[in-house]
Amino acid sequence: GGALLGDIDRETHKFNLATPLGVVSQTGAAGLTLHGGVGWLTRKHGLTIDNLAAVEVVTADGRLVRATERDNSDLFWAVRGGGGNFGVVTAFEFRLHEVGPQVWMCGPVYPLEKAAEVMAFCRDYMADAPEELMVIGVCWTAPHIEMVPAQYYGQPVVILLGCYTGNPEDGADVIQPLCSITETIGDLSAQMDRLEAQQFLDKDYPKGDCYYWKSIYLNRLDDEVVAALAYHTRNRPSLESSIDIWFLGGAMSRVPAGATPFYKRDAVFMVGVEANWHDPAEAELNIAWARAVYYDLRRFSDGSCYLNFPGFVEDASKMLQAAYGPNLPRLQAIKARY
């Protein structure tokens with residue numbers, strides 16, 4: 001229950017195996033899992049909860065129980081997306097898949113002025129792309145790295161950050177179209193060890209910084225939506241903050257909406273609004289920015305959200321309904337029982 005994603009990856013990678021986890025290795029495995037779990041393997045192998053085989057839970061009355069599809073099946077259903085409110089989950093058992101040892105990371109960096117063209121191409125490309133390819137469109141700041149010319153440092157950009165976990169011999173060809181949509185200002189793409197790929201973003205989330213994240217699923221990703229994303233990117237109070245568009249689908253969408261509490265299986269685009277900043281005194285300003293982005297994007301959404309990016313769980317009842325939809329009454333009944 002106390003394992004980090006990096007702990008799990010390090011052990012499974014010895015056997016060229018993996019289970020779908022998140023994209024930052026310092027993340028806690030328990031928290032990630034209990035509300036879904038989205039990462040580089042989502043389109044190929046589903047959410048983290050879709051690969052959960054069993055849990056051990058200490059219940060409110062002090063019992064240690066094992067829950068699977070056959071034993072304590074109601075509790076097992078609830079913890080696959082329903083959060084940590086059903087007891088203390090002390091052990092997780094996951095199914096593993098052959099992955100690696102080499103993968104391809106995709107990372108073309110485009111100027112934000114090209115966001116509409118870049119996002120439209122990526123949207124259409126991902127509709128038919130191999131499920132081994134997962135992409136996040138990151139509206140961020142040009143990083144201070146060797147692959148980006150110094151004159152672009154600090155400028156707003158769009159990075160198509162992706163990971164291809166299929167046959168490494170095919171990787172360069174699969175990601176190449178995303179790297180040549182228009183003229184790039186840099187490219188982070190490379191073949192690398194899967195563990196290196198899992199740690200690719202770690203340095204961007206240092207311990208001790210301040211973080212406030214919201215999420216919302218979009219019904220569409222057209223020029224009007226991208227214009228809103230670009231506007232809010234230009235108006236970030238912190239250059240560390242980002243707006244991330246997750247291109248979903250694939251295996252996670254083939255799980256029935258009622259099979260787990262995580263019902264938003266038909267989602268194609270999820271936006272993570274990440275307010276990231278250094279000085280705690282600037283909290284109010286950065287949180288206000290993230291909330292403003294979230295509320296503006298609701299005009300392109302049915303309001304559903306991903307509870308691993310919950311802000312401070314404002315409007316809790318509305319957020320629960322948005323996250324669980326028709327599965328909420330069953331969750332509430334199981335919570336009352338346990």
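This is a predicted model: local features need pLDDT of at least 70, side-chain atom pairs count only at pLDDT 80 or more; totals for chains, interfaces and linings use all residues.

User: What volume does the second largest pocket have, and which residues are closest to its centre?

Analyst: Its volume is about 290 Å³. The second largest pocket is lined by 16 residues, and Gly82, Asn85, Leu320, Tyr324 and Leu331 are the closest to its centre. Helix H10 (316-324) and helix H11 (328-337) are the elements giving two or more residues to that lining. By class, it's ten nonpolar, five polar and one charged.

User: How much space lies in the largest pocket?

Analyst: The general idea first: rolling a probe the size of a water molecule over the atoms shows where empty space is left. Here, the largest pocket holds about 1,000 Å³. Of its 45 lining residues, Val24, Leu201, Tyr205, Trp213 and Glu274 sit closest to the centre. Strand E8 (133-141) gives the largest share of the lining, four residues. The classes come out as 28 nonpolar, eleven polar and six charged.

User: Which residues does a cis peptide bond join?

Analyst: Glycine 100 and proline 101, with omega about 10°. Proline 101 lies in the loop between strand E5 (97-98) and strand E6 (102-106).

User: And what about phi of asparagine 72?

Analyst: It's near 50°, positive in a residue other than glycine. Asparagine 72 belongs to the loop between strand E3 (64-67) and helix H4 (73-79).

User: Is asparagine 72 buried or partly exposed?

Analyst: Buried means under 20% relative accessible area. Asparagine 72 has 32%, so it's partly exposed.

Key: Residues are numbered from 1 along each chain as its sequence is written. Side-chain values use heavy atoms; hydrogens and water are left out. On a 1 Å grid over the protein atoms alone, a cavity is a set of points where a 1.4 Å probe fits but cannot get out, and a pocket is an open set with protein on both sides within 12 Å along at least five of seven lines; lining residues have an atom within 4 Å of a point. Grid points are joined across faces, edges and corners, and a volume is the space filled by probe spheres set on the points. Ala, Val, Leu, Ile, Met, Phe, Trp, Tyr, Cys and Pro count as nonpolar, Asp, Glu, Lys and Arg as charged, and the others, Gly among them, as polar. Buried means under 20% relative accessible area, exposed over 50%, partly exposed in between (1.4 Å probe, protein chains only).
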